[in-house]
Amino acid sequence: MLKELTKGIVKENPLFVQLIGVCPSLATTSSMTNALGMGAAFTFVLIGSNIVIAAIRKFVPDQVHIPCYIVVIASFVTILEMIMNAYVPALYAALGVFVPLIVVNCIVLGRAEAFAHDHGVLDSLEDAIGMGIGYSIALTAISFCRELIGSGKLFGNVVLGSFYTPVLLFIMPAGAFITMGFVFTLVNYLRQRGAEQ
């Protein structure tokens, strides 16, 4: 059982290992607040859609299962948008179009098709939690580097003080590519080292 939970965090991390869902990670990792918000939003939709899809999978004909899954995912994204707009409007505005785009996020649809379609509710729940945590960790790692180097802050609070000159490139879109390159390199190095031992 625990295997499904941990594989999304390390072995099959959606961003670091599978390299999917890169677009929102580039756009929403300029601050730790945005990254954690996006990670939580993504995880909410993934958990809800995996549970429902696993529960209805035997009743949905194969010819229409993908459109059906998209409707389920879109329903959870709509619920998420309403909740975010009501309770955290600043975060909802900061994440912008990337919240509704969770509907077509390849990770969410991929987990529905590759896992929830063939497994029970509990396994699908575990898979969703693991993938959600793994994606959130990836976003947080990238945003930690970008916000700290790019502004000398974390969660909007000054960390490096007046002696530090921020490298503004890192909070711009090009900085996302540079940071992801370095973080991916470090993760792959650690994975290879772990495999050799």
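Modeller: Let's start with R111, which forms a salt bridge with D127, with the closest N and O atoms 2.8 Å apart. A salt bridge here is a side-chain nitrogen of Lys or Arg within 4 Å of a carboxyl oxygen of Asp or Glu. Please keep in mind that this is a predicted model, where local features need pLDDT of at least 70, side-chain atom pairs count only at pLDDT 80 or more, and totals for chains, interfaces and linings use all residues. Residues are numbered from 1 along each chain as its sequence is written, and side-chain values use heavy atoms, with hydrogens and water left out.

Colleague: Which parts does the R111 and D127 pair tie together?
Modeller: R111 lies in helix α6 (residues 106-116) and D127 in helix α7 (residues 121-151), so the pair links parts that are 16 residues apart in sequence. Helices (H or I, at least four residues) and strands (E, at least two) are DSSP runs, numbered from the N terminus.

Colleague: Is R111 buried or exposed?
Modeller: R111 is buried, at a relative accessible area of 9%. D127 is buried too, with 0% relative accessibility. Buried means under 20% relative accessible area, exposed means over 50%, and partly exposed is in between (1.4 Å probe, protein chains only).

Colleague: How many salt bridges does the count come to?
Modeller: By this rule, 1 salt bridge.

Colleague: Okay, new topic. What does the secondary structure come to?
Modeller: The protein chain has 8 helices and 2 strands. Along the sequence the pattern reads α-α-α-α-α-α-α-β-β-α.

Colleague: And what does the C-alpha trace span?
Modeller: About 60 × 50 × 25 Å along the principal axes of the protein chain.

Colleague: How much of the chain counts as buried?
Modeller: Of its 197 residues, 42%. As for contacts (heavy atoms within 4.5 Å), residues 24 or more positions apart account for 73% of those with a separation of 6 or more.

Colleague: Last one: where is the place of P67?
Modeller: P67 sits in helix α4 (residues 65-87). With 47% relative accessibility, P67 counts as partly exposed. P67 and E12 are 55 residues apart along the chain, and their C-alpha atoms are separated by 26 Å.
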